[in-house]
Amino acid sequence: MKTQRLIAIILPLMLSASSCTDVLDMAPDGNMQLDEVLADPELVEGLLNRCYTNIPKKGYSYYWFESAVVGASDDGWTSDEGQGLLLGNLYQDNNSASGHVMWNSPDEGGGNAQYWDRFWQQIRLCSQFIEVIDGAAVNNEADRGRFKAEAHLLRAFFYMELVKWFGKVPILDATVPFDADFSTLTRSSVYDVAKFIISDCDAALAEANLPWRITEANDAGRVTKALALALKTKAMLFAASPLHNEGQDHWEEAYQVAKDAVSKLKANGYELFTETTQPGVFGTGPAAPLRQLVAQNADYSATPRDRETIYQVRDGSVFVWHIGYIGSNMPNTYKAGLAPTQELVDAFETIDGEPILNLSKPYLDERHLQPNYNPAAVYDPNNPYANRDPRLDQTVLRNGSTIVFDNQTVEIQTYVGGAHEPSFDITNRSASRTGYYHAKMVTPGASQTNAINNSNWKYYRLGETLLDLAEAAAEAGHLDEARTAANEVRGRSGMPGFSASLSQDELILRIRNERRVELAWEEQRYFDMRRWESPDGDLSETVKWLTAMVITRNGDGSFTYTRRNISNNPRGGWQNRDLLLPIPLNEASTLESVTGQKWQNPGW
Amino acid sequence: MTKMEKYIKFIALCVSCLVMSVSLYAQEVSEAQSRVVNAYNQPVQGATVVTNDGNHQSITAQDGTFNMTFDESSQYVVVSAAGYQNVRIPISQIADGREIALAFDPHNMGGSINFGYQSYTKESVTGAVSSVSGSVLDKSPTNVLSETYAGRLPGLTTISNIAELTFFGYVNLSKAIRGHSSVNGNDPLIIIDGVIAPTQYLEFISPKEIESVSVLKDASATAAYGIQGAAGVIVITTKRGFTGKLNVEGYADYSFQQMTRRPLFVNSAQYAELRNEAGERDGLGTYSQFSQEEIDLFRSGSDIGYPNNNWFDDYVKDFVMRQRVGVNVSGGTDRFRYYSNLSFLNQEEPFIITDEPNRKYDPTPRVNMGNFRTNMDVKFNKYLSGYMRLTGNIKREKLAGATMGWNVYSQIFNQPPTMFGPLSPIFENDPELSNQVVTVDGLDNPVYGTLNRSGYNNVVETNVIAQTGLKLDMGFLLQGLSASGGMAYQTYVRNETTTTQSYQRLLRGNDFSTLDNFTTYKTFENTPLAYGKSSVFFYYLNLLGRIDYNRRFGDHSIDASVHTYYLKQEKEATGTSNTVLPYKRQNFGFSALYGYKDRYFLKADLGYSGSEQFHPDNRYALTPAISGAWIASKEDFLQSDVLTLLKLRASYGVTASDQLGGARFLYLDNIRSNGSELERGNPALEAERIEKLNVGINLGLLNMFTLEADYFTHKVDNMLINSSASLPIYQGIPLNYYPKLNDGVMENKGFELSLGFDKHFTKDFSVFAQANFMQAKNKVININEASAGDDFAYPYRTQGFSLGQLWGYRIDYSNGNGMFNTADELANSGLTYAFGSPRLGDFIYQDLNGDDVINEEDLAPMGYAGLPQQEYSLVGGFTWKNWDMSFLLHGVGKTSQFLEGTGAYENLGRGIFNDIHLNAWTPERYASGETISYPALSLSPSVNHRANDYFLSSRSYLRLRNVEVAYTLPQHISQKIRSEAVRVSLNVQNLFTIDNMKSKYVDPEIGSMSTFQPYRVFNIGLSANF
C-alpha cells in the first residue's frame, strides 16, 4: 500500500516537472520599450540626458591623466613618454587604423576615447529624440521646445567633434532602420557638414525657450543659444580652412557667420573677462584675468562673474597640481606631466607687440635649434624671459618664476643642478623634458595643502570666438575687423594692438600666432596646426623636432641658455596621415566593402 | 543563509523519514557466500558483485570472499574488478557458493563507464568515452582536482595558466574536450554523482573520494544532455559503500613543492650595463644610465649605497610544504551502506615574510582545508531504496597584503636589483624617513610593503553539496522497471575579511653615493589597519526524475531510461546587469541501448531541452543521436588467439549549446529606465546545434596489445554571431547591441589513437603501457567577418583559420639574422614602420603587401592557437611482488603564443632582463660574429616589441607528469599493526619538462614569466587499511 502511495507522489512530480514550461519564463522586468518611455515625462527627460552622454571631459581626464591633445601638438612634451602610455606611443609613431592612441587608449571615465563609435551613437540618440519628442509626454510645452532645441544643438556639437578629428563624414539627419541599405553612403564635404551643423544650430536658435545662458548650477552642462553661435562659427572656420575646403573659398561666408555670432553674443551679455575678482590669488598683472578665467570654473548665475565662457562641461576636473604642474622634487607630486616646449615659449611676443621670431620662417634649421629672430623685437636671447607678453608667465613656469607651494614660496630652478632641472631620461617622470613647467590651468598656490582642481573643461569661450572671427575676417580680406577682434583679446592682457600696416599675409600669421598664445593648453593648437595644412601637407615643420632650453648657471650667477632637441629622434605624429585620425579599421573595412568606395583617411 | 537553514531542516526531515522506514523493513531473501579469484588462483580483493536490478551488492574482502543477499527477482550478478573482465553469473550458481574466476583484461573492456545518468558496461559502449579511476588520479599530489586529469583522460585537454598552489588556481584552469567546436561556449558540462554541477568550484574534491572520472566525447554519449552537452561532459563519480565488513583506510601525504623554474634575476652590475646598453642603442651615449664608476661599485659590493639585491630570492622560498591526512570509512549491510571521507590539507605559501617588531598582526599566508563526504545508500524494503550524500569543504586562506599571490609575484620583477632596501636606513635625525619601505618611481606596491605592511585577508570558502533521492523498483508492474527522483543542492560561500594598511613609501634619488636622498613617494602614509568584509554566495538547485527499464531476455538486453531535470543556478555575478538573474534550464533525456548476444549493440539517444535564453517559440532544442557497435571478435568465424578483440563503433547525432558568450536574453530588446538603450533582440535566436560523427575501432592482439582508434567530425552551421559584417558603426547602435544571428559556421575534426600493452607474465610480475595521441583541428568558416580590404595581406583574421589563430609580423631573415645590422641596410630598406622608427639592430619586418610601410596590413598568421591541436601521453608501469611503479609522460603539440610583457620586453618597469636579453644586438657583437639572441635593447617600447616571428613561442612540451613507486608491506608485517595492507609510495610530479620556449625561465604551459611556474612535487604517501 505504501508503495502505491509513493507512486502517487513521484509520478505526478515527474509529470509536473515536464509540463510546466513556464518555469523558463523569466524575462527580465527591467527592460522597457520605447513607447513606455515616451509616456512618462521623467523618462523623456532621461532620454534627453542620454543625448548628453559621451561629451568628452578633456583636460587632464585622458588615460593616465595625460593632457593628450596638448601633448600631441607642438606646445608640450610629456614626462610620461617612457611609460608606454598614450603620448609615449604617439611620440613613437605607434599608431594604426585598428588602434590609434587618440581614440583607442583606455577611457578613464572622461569619455576621451572611441570617438567614432560614441559620437555616432550620440548623433543617433539626438536624431531619435528629435523624431519622438513631438509625440512624447512632457510637463509643459516650454520643455518640449527647449528639449528639442537641445537635441538639435547636441547633434551639431557631436558633428563638430567628428569633423575636428576625422574630417569628412556622412550626414545623417534621421535614425537608420535595421534594414537600411548602406551601399549608397558617401562622405559629405566638411562644408556640407558645416551647413548641416549650422541648420541644426539655427533650429535651436529659433526656439524661444532655449536660454542664452545657464543660470542655475543644477542645469550645468546644458546647451544654450550661445553655444549654437560658437558652433556655427567653428564649423565654418573648419570648412574654410585649407585642409577641408576642397579648393573652395568659404572665408567670406565664415566671416559673415562669425561676425553675426560675435555681435549676437555681445548683445546677449557675453563679454571678455577683463578684471580678476581674486587679486590675492591671481595677482594684479595684466594677464591675471586670463589665468583666473581658464583656471576657475565658470559660475552659474543671472549675474555671473565669468561672462566669457560659452560652454563648459559638467564635471571632469582633476588634481592638476600633482600630475601636470611641477613634478620635480616637490612634495607629493606625482609627475611633471606635460611641459611647455621652447617652441611655445618662443611664440610669446615681447611686450612691445613684436614676435620674437620671423613668423613666416621661425627656425632656420629643421631641428629648431637656430631661431630666426625678428630684429624688431626687444628680445635678448641671454635674458629671454624679460619684457615678454604677460601671458607667458601665466602659462609657463620657467627658470626664476616663483610659485607658492604648500604655503611656501618656491623659486623655480630649471638650470643644470637646480631643484627643477629637466631630465632627458625618458623613464624619468618627475622632471620636465623641456626646461619648463605648465602653469595655466593651475590655480596659483595649489598644492597638497591647498588642493584645488583645474576647471571643468571649457569648450567654447568668447575670446576664442573673437579669434575665430579675426582669422576668418583676415582671410576674407576684412583686415580692419580682423584687427579689431584680435586686439580686443590682446588688449585684455595688456598687449598692444596689431599695426594697421600689416599686410594681409602678415596679419594672418600674427593672428595664427595670437591663437597659439591666447589659447595655449586649451586643445586648440592641435586642430589649428592641422587645418592650416593643405591636404597633402604634413607637420614636419612643427612637431617633428621639438626643443628644450638647457640653462647653465655661471659662476657670477648669470645664466647661459642653450637650445637642444628633447629627443635625438624625430617625434612621431608629423606625417601626412597624422592630419586626421584614422577611421577605426573595422568601420572603414565594412564601409568599403559595402559601398565599394575608399573610406579611410589618407595614409592609414 | 536562511536558505541553508531551511535546507538543513529539510535534510533532517528526510533522515528521520528514512529511519522510520528502515524500521518497517521486511522482505524474503536468500543469502550466499562465495569467493573471487584470478587466473593464478589469487584472491581478488575489492571486486564488486551486483545483482542485475542493482538492489543487492557486495564487495570482496582481502581473501576474495563476499557475502550477499538476493531475492527471487534477481536474474544474475555481475562481478567486476579493476584490471579484470566482467563476468555475469546466474543467481543459481552464486547460491552454490562456487568460486568465481576472473580473467585478466588486457584490452580494457571490463568494468563499466558512468555516463552520468546511467552506467554502461565498457563492452556495450557505442560512442567515444574515456575514463580513469580515482586511485590513478590520486598519484598526482596536487590541490586542484582538474590538474590530475592531464594526460590521464584522452580527449580532455586541461590548461592551467596560473600555477598558484591554491585559490585562483581553482578558477584559471580551462578544459576542452576534443578541442573547440564553437566560438561561443566551450566549457564541458560537469556531472557529479548524476547531478549537473555547473561550476568550477569542485576542484577541492580529492581523488581519494573519487571512484572514477569519465569524459563523454561524442553525440551518443552527450545528446541526452541537450543544450548543455555540446562541449562534452565530465562525469565524476564518488565512492559508495558496499555490503561487507567495515573498511577503514587512513592515509597521509607529505609533499615538498618546488617551482620548476626560478627566474633569472640579473645582478646590479649586469643590470646597470644592460640599461646602459639600451640607452646607447637609443642614441643616448655610452653611460646614459650609470657611470662606469657606479657599475664598478655595484660589482664590488663594497658600498652600502650601491646595493645588489636579488629580490626573488628575498621573497620566494625554495621549497614549500604540503601535508594531507585523511580517513576513508566504508561498509554496510544489505539495508544500509555508507562511505565516509574526512581529510585535512595544510598548504604552505611560497612567500617569505619578515618579522617586524612593531607589527601587531601576523601576515604569514597559509591555507588550511578540510573535506568531508558521506554517501549513504539505504534500502527501505523490497521496492524502495534511497540515497543521501553530503559533501563539503571548508577552506581558510590567509593572504598577505590583502591581494592574490600572483599579484605579489609579478611585482617582484618591477624592483630593479639596484633598488635600495627593502627598508631605508635609520637616520638619527630623521626618524620619519627611517626604516620605511623603499620603492622606485612608478612602483606603487613594492613587494616588501605588500607582504609586511599592508595587512592581510582572511578568506573562508565553504562548499556544501547535498543530494538526496529515492528509487522505486516497479518490478511489481513490469520486471526491470524502476522510477526514481531526487534533488541536489549546492552552495558556495566566500567570506572575506580584509584588513588593509597603508604605509609610507620612499624614493631614493639617482645619486648612489649618498644615503641622504630619500624622499616620500606620493601621498602614502603609515596607517593603522582598516577593516572590511565582503562575501559571495551562490547556489545550484537540481530536481531530477527518471524512469529506467533494464532487462535481459535470453540473448536480448535492454537498458533504457527517461530522465528529466530542472536546474536553477544563482551565479556569483553581482551588479545591475541581467546576468544576476538566476539561470534556469530544463531537460528531458531519453536513452535506450539494445544488445544482442552481447556483441551487437544499438543505441538511441534523444535530448529535448530548453533554457530561458530563447524566445518561448524557439526555446526548446531537440538533440537526437544514433549509434551502434559490433564486437566482431565474438563471432565464431573470427575466434582466434591472435585477433583477441575486434570492435567497431559508430555514432552520429546532434548536440546543442545555449552558452552564448555570456550574454543573456538576446531575444529581447533592452531599454533601461534612464533612457539608455542596450541590446536589440532577435526573437528567432535558437540554441547552437553541433553535429557530431564518431567512428572507432578497438583491436586486440594476442591478449596483450590493444589498438583503439577514433575519427571524429564536429560541425555547427547555426553558431551565434554578430550581424556586423555589413554594418557600419555610424548608424549609431553599438554593434554589440545589434540583433545577433544564428548564421555562423565552424567545423572541428580530428582523431584519437591509443596503443596499449598489458601482460601478466607471472603471478608476481605484470607490465602495462599505453600511448595515446589526439588531434583536433578546428576551422571557423563563417562569423560574418568583414574583409579588411585589399590593402591587407590577409583580409580575414578569423574566417578560414583556427579559433584563436595568432597574428604577427614576419621577420625578413634574408640577411641572416633579420635585424638592421648596418647603417646602409637601415637607410636602404625603404621601409617605414607605422609604430616607430627602426634603429640599428631592430627587426626587419616583411612588407607583405608591398606598400613600403610596415603596419597591420602586413600581419600574417603564425604558429597556432593557444589551445593545443595535439595532445599525447604515455603511461606505463609494472608490478613486481609487493612493488608497483608507474609513470605518466604527457605532452601537447601544435600550440603557440607570443611571449610578451615581463621577461620578453626589456624596457618594462625600470628594465626587466631575462636570458634572451643578455646577448642582444650591438654593433660590436655583430662585428665579431657573436651569437645574437635578441634585437637591440631599448629603454622604451621599440619596434621590436610586437607580435612577431621572434616572440612566437611554441608551447609544445613533453612533461614527466608523474612517477610513482610504491611498496606494499608484506602481510605478516602489516598485521602486526592489525592492518590488512600498508602501502608506502613516493610520487614525483613534473620531474622534468622538455620544451622549445625562447626563454628557459618561462614554462610553456604558463606562458608568462611574471606568475608562478608549475611546481615540482616530491610526495611521500602512506596508507593503511584496517
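Colleague: Which residue does B:Val50 stand opposite in S3(B)?
Modeller: In this predicted model, B:Val50 faces B:Gln57. The strands involved are S2 (residues 48-51) and S3 (residues 57-59) of chain B, paired in the antiparallel sense over three bridges.

Colleague: And which residue in that hairpin takes a positive phi?
Modeller: B:Gly54, with phi near 75°; the hairpin has five residues between the strands.

Colleague: What about S2(B) and S5, in what sense do they pair?
Modeller: Antiparallel, over four bridges, with S5 covering residues 76-80 of chain B. B:Thr51 has B:Val77 as its bridge partner in S5(B).

Colleague: Changing topic. What pLDDT does chain B average?
Modeller: The average is 89, and 95% of the residues score at least 70. Over residues 14-27 of chain B, though, the pLDDT is below 50. Where pLDDT is low, the predicted coordinates should not be read in detail.

Colleague: What are the ipTM and pTM scores?
Modeller: ipTM is 0.80 and pTM is 0.81.

Colleague: On to the interface. What area is buried between chain B and chain A?
Modeller: About 6200 Å², and carbon and sulfur atoms give 59% of that. On the chain B side, B:Ile671, B:Ile729 and B:Tyr730 lose the most area to chain A, together 13% of what that side buries.

Colleague: How many residues does each chain put in?
Modeller: Chain B contributes 77 residues and chain A 67 residues.

Colleague: How many salt bridges between chain B and chain A?
Modeller: One. B:Asp791 pairs with A:Lys598, their closest N and O atoms being 3.2 Å apart. There are also 15 residue pairs in polar contact across the interface.

Colleague: Which element of chain B gives the most to that side?
Modeller: S29(B), with four residues.

Notes. Residues are numbered from 1 along each chain as its sequence is written. Chains are lettered from A and ligands numbered from 1 in the order in which they are written. This is a predicted model: local features need pLDDT of at least 70, side-chain atom pairs count only at pLDDT 80 or more; totals for chains, interfaces and linings use all residues. Side-chain values use heavy atoms; hydrogens and water are left out. pLDDT is the predictor's confidence in each residue, from 0 to 100. Contact means heavy atoms within 4.5 Å. Two strands pair if DSSP finds at least two bridges between them. Helices (H or I, at least four residues) and strands (E, at least two) are DSSP runs, numbered from the N terminus. Buried area is the accessible area (1.4 Å probe) that two parts lose on being put together, summed over both. A salt bridge is a side-chain nitrogen of Lys or Arg within 4 Å of a carboxyl oxygen of Asp or Glu. A polar contact is a pair of N or O atoms within 3.5 Å; within protein, one must be able to donate a hydrogen and the other to accept it, and residues adjacent in sequence count only if both atoms are side-chain atoms.
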